[in-house]
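Dear colleague,

I am handing over the structure below, and after it you will find my notes on a few places in it. Please read them alongside the coordinates.

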Amino acid sequence: MVIARRAPFVLSGALLAAATIAGWGAPAQAADAPPPPQRAGVLQIRPSSVAFDRAGEACQVTIANRGAGPLAVTAVRVASIGETDFTTDSVPRRTLGPGESVAVTVVYRPRATGPRQSFAALEIEHDDLPGASAGPRVDTIALRGGEGRFLLTLLVFSPLFGLPFLLLWPRGRERWLRWLALAATLVPLGAAARMLATFDPAFARAAGNFGYQMVQHVVWIRAFNVEYHVGVDGLSVGLTALTALIATVAAIGSWSIPLARNLRGYLSLLLVLETGMLGVFVSLDLFLFYVFWEMVLVPMFFLIGLWGGPRREYAAIKFFLYTLLGSVLILLAIIALYYASRSTILVDGTPAAHTLDIPKLVHLNDFDQHPALLGFKFANLVWVLLFVGFAIKVPLVPLHTWLPDAHVEAPTAVSVVLAGILLKMGTYGMLRLNWAILPSATVWAAPVVAGLGALAVIYGGLCALASVDLKRLVAYSSIGHLGFCLIGMAALTPIAVNGAIFQMLSHGVVSALLFLLVGVIYDRTGERGLDAFGGVATVMPRYTAVFALGFFASLGLPGLSGFIGEVMTLLGSLGRFRAATVVAAFGLVLAAAYNLWAIRRIHFGALPERWRAVLVGRDLDGREWASLLPLVLLALAMGLYPAPVLELSAVNVSDLLALFGLPVAGLGGGL
Amino acid sequence: VTGGALSNAASWRPLIPELILAVGTIAVLAVGLGRRAASRGWLLALALGTLLAAVAATPLTTEPFISVRQEDPGAMRGLALFGGLLARDGFADFFKLLFGAAGAVVVLSSFASREGRGDEPGDRALGGVLAPAASMASPAAGPPSSGEPRRGDRDAAEYAALLLSVVLGADLMAAATDLLTAYLALEFVSVLSYVLAAFGRRSRRSAEAGLKYAIYGGVATGAMLYGFSWLYGLAGTTELAGVRAALASAPPLVAGTILALCLAGLGFKMAVAPFHTWCPDVYEGAPTPVAAFFSVVPKAAGFALAFRFLVGAPEATLSSDAAAAVVTGQGPATVVASVLAVIAMISMTLGNLAAIPQRNLKRLLAYSSIAQAGNLAMALAVGSPAAERALLVYLGIYLFMNLAAFLAVTALVRAGEGDTLDDLAGLGGRAPLLSLGLTLAVLSLAGLPPLGGFVAKFAMFSATIERGAAGGGPIFYALAAAGVANTVVSVYYYARVAKVIYFDRPRAGAPARLRVPLSLAALVGVTAAGVVALGIYAPPLTTLAERSAMLWRGP
């Protein structure tokens with residue numbers, strides 16, 4: 001039992017060792033160079049165990065002298081970044097004779113229960129190899145405690161497990177490919193369910209580990225101080241789970257892609273896309289974040305460009321170039337932040353001049369004092385670079401023009417993923433990087449952000465109102481809905497920010513639902529024009545019911561999820577940005593107008609004769625129910641009883657807002 | 001021995017990798033000229049064995065190096081051979097590995113490109129070594145006369161010997177620490193390259209390529225030689241260290257003139273703007289494996305020499321302050337650095353913009369490699385330890401991605417297709433693995449993660465921004481911004497390659513399935529896998545680059 005419990009630690013230790021000794025060509029010592037003085041002692045560190053379990057325990061590290069001369073050990077201490085749960089007994093300065101050894105006991109006692117992991121390094125100061133430079137040498141050994149879970153790593157990479165099966169599946173049995181892809185998305189869905197079950201909503205920053213849970217943390221590329229660091233907190237846990245769900249829904253929604261159109265490739269790309277999206281939400285290292293961020297780009301390019309509508313190539317290239325432009329701005333900002341960061345130690349205890357670690361950038365660095373860059377305040381300049389990069393993804397008016405094209409041309413399931421998850425990567429990125437790392441610049445820019453949010457709400461609403469294509473209407477409505485997010489995030493009040501996060505989740509559910517609904521009728525008729533329909537309710541009543549529910553959720557009808565997010569953002573923002581909030585509130589009217597109008601134009605009135613043959617007797621089938629039902633239930637549940645979802649983010653939003661020096665009260669009893 | 005110059009007699013031992021190459025070259029020639037029995041298989045084995053032996057000998061003969069700092073045993077100071085004519089240090093060793101690997105891949109692909117085909121019309125003229133070039137040959141090239149049965153074998157031997165010699169010359173370029181050896185090595189590489197470019201003897205385009213290359217190269221290296229003569233007059237020595245010190249104290253007009261002249265020769269090898277004009281014509285006209293070779297080996301050798309020449313290692317001749325400035329890469333940009341930064345910006349912008357309208361794949365890759373040279377030239381402008389490591393990492397990854405792209409074109413031509421963008425149409429369905437390899441290569445060249453090209457660009461851009469943040473001045477921010485903006489521009493044509501492969505429909509009458517020789521497909525696969533592997537786990541390369549760097553962080 002003990003061994004089984006320890007296995008992950010042993011494995012992670014082995015990984016760590018592999019990373020440490022990576023590289024080849026160990027330098028050969030000079031043949032005729034003066035040999036090291038024989039008198040000196042040679043340090044050897046022997047851990048009996050460097051892993052600890054959750055309950056906390058002690059481990060011994062043996063410091064031995066393998067050399068022929070004496071070895072002076074001048075200090076032994078625990079070094080860590082931020083708070084640590086490791087302590088060690090003080091070892092008095094002593095000299096070890098040849099062959100002598102001393103045991104140091106390290107104690108791990110977590111100050112809080114909960115799913116967490118601790119990292120620190122044991123530093124041993126000694127005089128091995130003197131003469132090279134004055135002063136003592138320091139050797140370190142990595143310490144790790146807590147739950148060494150692979151859950152998030154499994155979650156992120158499990159979609160890729162399906163790839164070999166998909167690609168090597170025998171010809172002639174392609175009909176099973178869809179089931180295979182569905183199964184491949186069920187693995188991360190299961191992992192996400194486990195993640196939600198394990199997630200402790202009360203786990204605040206004060207509980208340690210910077211407030212992140214289920215962390216996995218190893219060195220990746222030492223040359224750039226890049227680490228593989230994943231973890232979730234209240235900001236990301238909901239979006240991570242939603243991603244796994246939407247991917248499954250998209251796999252079901254892809255059933256209508258014909259075998260002849262290279263289904264194998266389509267499903268493979270969908271799985272790669274899922275890994276990229278999940279990775280963005282769990283990354284806690286800027287390099288890793290960027291890699292996943294970009295990993296989304298290429299599959300999306302091919303998914304739109306190969307399986308899309310008539311103007312798919314134009315839409316795909318436009319999407320690619322637009323979002324890449326945003327990405328490179330983010331890359332510049334990441335590098336600038338890196339070089340402005342303070343020195344630190346990596347997770348295995350080696351010193352690093354700079355860091356890409358998001359928690360360390362947030363909590364151990366203050367970029368306000370950094371010297372001006374090209375005449376601009378450093379924090380503000382970097383903030384703008386990041387914001388523009390993320391705004392393209394959101395997308396914010398006037399950087400939105402790729403979105404309608406991409407949505408209109410993309411196949412249904414890809415639109416579902418695009419609207420459900422990809423757009424949220426932009427708003428999430430703002431919260432995770434702009435807001436958390438550069439709070440003062442956020443306060444500086446908040447009025448503009450709120451204004452842009454209000455503009456997006458109105459512009460998106462007006463464009464949706466003017467759309468004659470149902471899919472384009474839904475695409476523009478996304479722009480409006482995310483405008484609410486922006487206003488809420490800019491307001492920096494607990495209610496507004498929690499509302500914004502709720503709105504992201506709600507929009508993920510609702511917009512995915514709407515695109516699926518558009519797909520239902522498009523599959524049957526090959527037509528999406530609002531004016532081409534009418535009277536669908538008479539032949540497809542069940543479809544009409546779900547359609548109405550989806551569009552009601554989109555317009556913010558109380559009892560459905562859209563209402564909660566919009567009301568919370570507006571209420572939370574009213575005190576801070578009155579004008580923007582009032583303007584955005586008019587957006588609700590616009591939303592009501594275009595949504596209701598869409599329902600009326602498609603479902604009521606007279607059914608055109610040409611559709612009678614294709615629509616009569618073809619109401620929603622089992623597969624469509626399977627993809628729609630989870631989203632319908634979620635939209636209802638989140639609207640009727642939002643508390644569990646709000647609870648996920650409340651504590652960590654308070655932590656986030658504490659960075660701004662604003663009131664840290666949670667949601668209070670108001671909800 | 002503390003890094004002092006070795007005597008002539010003692011200098012041969014550290015020169016073993018070069019000696020292996022020299023002996024191998026002669027052996028290949030001898031076998032080719034010798035008895036009838038010497039088949040192409042033997043030649044291939046001999047050439048490949050020579051290259052691999054030279055690569056293997058490189059880490060095995062590092063023994064006499066001296067670790068300069070005990071805490072950092074990775075940092076090596078080199079040995080000065082032949083009284084300071086050549087250096088044997090980590091930097092040169094890195095390039096030996098790079099050139100050896102590139103040479104091996106090119107030799108293999110050149111030979112592989114004939115496999116599965118007999119001596120066809122036109123094929124013979126090229127010794128059967130270069131089937132791609134054969135298919136480009138003018139239709140007028142009739143069946144070969146039966147009077148020269150071993151013509152092909154002899155050509156194959158000449159070809160292999162030329163390739164090995166260029167690798168040898170490139171090794172020497174990377175090791176040169178004296179104006180004399182620098183010039184000799186550079187001319188050695190250049191002259192042999194002219195011959196290689198014109199190796200498709202019956203192809204007018206190949207002949208034109210060789211001629212253009214020769215004329216342009218003659219002028220460029222001539223200008224450089226003239227610059228060297230000024231340098232010698234100024235410094236009174238031909239050692240790079242002394243020359244650099246003299247240059248630093250020369251009047252600006254003199255220093256500027258000299259630098260302009262020297263940059264002509266170095267820029268010609270690196271193929272950076274404005275010395276790039278030969279590049280598209282030569283790549284297009286030369287046989288595809290040769291173009292692949294040109295795009296990696298002479299270019300990387302040019303960068304190695306330019307880095308030694310323009311940045312160099314902290315030498316005893318420099319004052320300690322100057323040495324510290326070189327080591328840490330701090331301080332404001334010098335005029336030289338600014339000029340190099342401008343060259344880098346022009347090169348990447350021009351290369352990328354010119355690549356957009358290209359229809360011929362080899363021309364497109366030529367302009368792409370000009371743009372990549374602009375990215376690489378950022379390291380020369382920045383000149384910090386981080387920039388040196390970035391240069392090595394970039395070149396290491398560039399080797400894989402650029403070779404993968406050129407190998408894919410080689411395979412395409414070998415399979416009987418043309419070398420234009422239109423020939424790629426619908427390739428995704430006609431040759432799935434080849435398409436995947438080419439797509440990965442171009443997306444990596446564009447710098448998209450999780451492919452190797454991203455690691456390379458990240459290293460380069462971060463070194464540039466670091467220099468800017470360390471007080472280098474706005475020029476470095478401008479350089480980084482230009483690099484990033486160019487990434488977006490480049491994606492336009494790189495992504496278009498992927499687009500044509502997968503989105504477009506094949507030409508009418510195109511074969512439904514391409515027959516690509518297994519060995520070529522395997523080479524594309526290996527290089528493309530390298531691109532992916534280095535993107536996902538770069539530490540083997542970054543560690544090697546760190547160990548190989550001349551400059552190191554200050555104490």
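**A buried glutamate in chain B**

B:E417 counts as buried, because its relative accessibility is 9% and the cut-off for that class is under 20%. Please keep in mind that this is a predicted model. B:E417 sits in the loop of chain B that runs between α15 (385-414) and α16 (427-430), and its side chain makes a polar contact of 3.0 Å with the side chain of B:R430, as well as one of 3.1 Å with the side chain of B:R507. Leaving aside residues up to four places away in sequence, B:E417 touches both of these arginines together with B:L412, B:D423, B:P511 and B:L514.

**A tyrosine of chain A that touches chain B**

A:Y339, in helix α8 (residues 312-340) of chain A, is also classed as buried, because its relative accessibility is 14%. With residues up to four places away in sequence not counted, A:Y339 touches A:H354 and, from chain B, B:S462, B:A463, B:I465, B:E466 and B:A469. The C-alpha atoms of A:Y339 and A:T355 are 8.0 Å apart in space, while the two residues are 16 residues apart in sequence.

**A nonpolar surface patch**

On the surface, A:L574, A:V582, A:F586 and A:V589 form a nonpolar patch whose accessible area together is about 360 Å². Helix α19 (residues 578-603) of chain A gives the most to this patch, namely three residues. A:V582 lies in that helix and, with a relative accessible area of 41%, is partly exposed.

Best regards

Notes
Residues are numbered from 1 along each chain as its sequence is written. Chains are lettered from A and ligands numbered from 1 in the order in which they are written. This is a predicted model: local features need pLDDT of at least 70, side-chain atom pairs count only at pLDDT 80 or more; totals for chains, interfaces and linings use all residues. Side-chain values use heavy atoms; hydrogens and water are left out. Helices (H or I, at least four residues) and strands (E, at least two) are DSSP runs, numbered from the N terminus. Buried means under 20% relative accessible area, exposed over 50%, partly exposed in between (1.4 Å probe, protein chains only). A polar contact is a pair of N or O atoms within 3.5 Å; within protein, one must be able to donate a hydrogen and the other to accept it, and residues adjacent in sequence count only if both atoms are side-chain atoms. Contact means heavy atoms within 4.5 Å. Patches are made of residues with over 30% relative accessible area and no salt bridge: like charges are joined within 9 Å, nonpolar side chains (Val, Leu, Ile, Met, Phe, Trp, Tyr) within 5 Å. Accessible areas come from the Shrake-Rupley method with a 1.4 Å probe; for residues, only the protein chains shown count as cover. A salt bridge is a side-chain nitrogen of Lys or Arg within 4 Å of a carboxyl oxygen of Asp or Glu.
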